[in-house]
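Subject: Structure for you to look at

Hello,

Here is the structure I said I would pass on. My notes on it follow below.

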Amino acid sequence: MDYKSSLIQDGNPMENLEKQLICPICLEMFTKPVVILPCQHNLCRKCANDIFQAANPYWTNRSGSVSMSGGRFRCPSCRHEVIMDRHGVYGLQRNLLVENIIDIYKQECSSRPLQKGNHPMCKEHEDEKINIYCLTCEVPTCSMCKVFGAHKACEVAPLQSVFQGQKTELSNCISMLVAGNDRVQTIITQLEDSCRVTKENSHQVKEELSQKFDTLYAILDEKKSELLQQITQEQEEKLSFIEALIQQYQEQLDKSTKLVETAIQSLDEPGGATFLLSAKQLIKSIVEASKGCQLGKTEQGFENMDYFTLNLEHIADALRAINFGTDEEEEEFNEEEEDQEEEEPTERKQEGHQ
């Protein structure tokens with residue numbers, strides 16, 4: 001705490017010093033003993049103890065003895081979390097420097113003459129100080145207002161007693177509010193942790209889901225390649241058979257064409273002897289060629305490939321029915337499939353006996 005710089009900046013050093021010695025809880029000058037927190041802020045020991053008790057309601061046992069475990073609360077000035085040992089607030093260090101400054105300040109204030117402006121004056125009676133509190137109207141006033149003024153029929157009390165009561169009540173409210181803020185902060189921290197864990201879990205299940213679908217894609221691609229290979233193989237076998245037939249028929253056609261050409265040339269032969277030498281064999285060859293083709297043929301519907309058709313409606317329905325479920329539902333589904341598989345062989349056996 002830099003008292004020197006604060007005093008230099010303010011034109012009234014005593015007023016500035018008093019501001020530095022005000023407790024943020026009770027709004028009064030620190031009451032001995034002053035404790036110093038780990039964050040270097042100061043509190044009255046009573047105020048610190050009130051906050052600590054509000055934040056740790058079960059710190060003391062039923063008999064009133066101090067618990068063997070510590071507790072924690074947040075500094076009202078900076079919200080720094082202060083962790084206590086089993087001694088609680090009494091385990092904090094006393095700030096002797098601040099205590100000495102308070103003693104010096106009080107001595108200085110007691111030696112200074114009281115100025116008129118330091119105490120609020122009554123608006124109705126300008127020469128009278130406000131020294132009593134009207135309990136009926138709940139406003140501070142002066143003695144003349146009680147005797148002759150607007151509050152002569154009201155119930156009044158000493159200003160100092162009401163002042164101390166109000167300060168105590170306000171201090172308790174501050175303590176409760178600070179404790180409530182700590183609880184709210186704890187809830188916020190828990191909710192933030194829940195957000196983080198939710199994001200982590202969501203990312204994990206997304207990764208797992210992606211891996212499972214990638215496995216399905218791989219299986220489908222593998223099966224697709226396998227079935228396409230079967231179709232390709234069947235296509236190649238049929239094409240090879242047809243191409244072989246085409247080759248055979250082409251060879252036969254070539255032979256027939258040459259035989260026709262030879263027969264035409266024989267017809268042009270003018271010599272009878274020469275014609276007869278080859279005519280008989282030529283006629284025999286033409287007759288055999290004219291009897292018909294003895295080569296193989298394709299059956300009707302040979303080029304049909306409809307038997308490679310797949311019915312994937314049940315698989316498509318199963319894929320559409322994919323959804324998130326528990327392990328128990330999956331186990332029940334597997335058990336139903338096993339029961340169906342066991343029932344099918346039994347039914348087949350019964351049909352066979354019949």
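Which element of the protein chain has the lowest mean pLDDT, and which the highest? Helix α1, residues 3-9, has the lowest at 42, while α8 has the highest at 91. Across residues 1-11 the pLDDT is below 50, and this stretch has 14 contacts in the model beyond near neighbours in sequence. Keep in mind that this is a predicted model. The average pLDDT of the protein chain is 78, and 79% of the residues score at least 70.

Next, the surface. L216, Y217, I219, L220, L310, L312, I315, L319 and I322 make a nonpolar patch of about 820 Å². Two helices, α6 (159-267) and α8 (313-320), each supply at least two residues of this patch. The largest share, 4 residues, comes from α6. I322, one of the patch residues, sits in the loop between α8 and α9 (327-353). Its relative accessibility is 43%, so I322 counts as partly exposed.

Helix α6 also holds S171. Is S171 buried or exposed? It counts as buried, because its relative accessibility is 7%, and the cut-off for buried is under 20%. Apart from neighbours within four places in sequence, S171 is in contact with I25 and C26. The C-alpha atoms of S171 and I25 are 6.0 Å apart in space, although the two residues are separated by 146 residues in sequence.

Regards

Technical notes
Residues are numbered from 1 along each chain as its sequence is written. This is a predicted model: local features need pLDDT of at least 70, side-chain atom pairs count only at pLDDT 80 or more; totals for chains, interfaces and linings use all residues. Side-chain values use heavy atoms; hydrogens and water are left out. Patches are made of residues with over 30% relative accessible area and no salt bridge: like charges are joined within 9 Å, nonpolar side chains (Val, Leu, Ile, Met, Phe, Trp, Tyr) within 5 Å. Accessible areas come from the Shrake-Rupley method with a 1.4 Å probe; for residues, only the protein chains shown count as cover. A salt bridge is a side-chain nitrogen of Lys or Arg within 4 Å of a carboxyl oxygen of Asp or Glu. Buried means under 20% relative accessible area, exposed over 50%, partly exposed in between (1.4 Å probe, protein chains only). pLDDT is the predictor's confidence in each residue, from 0 to 100. Contact means heavy atoms within 4.5 Å.
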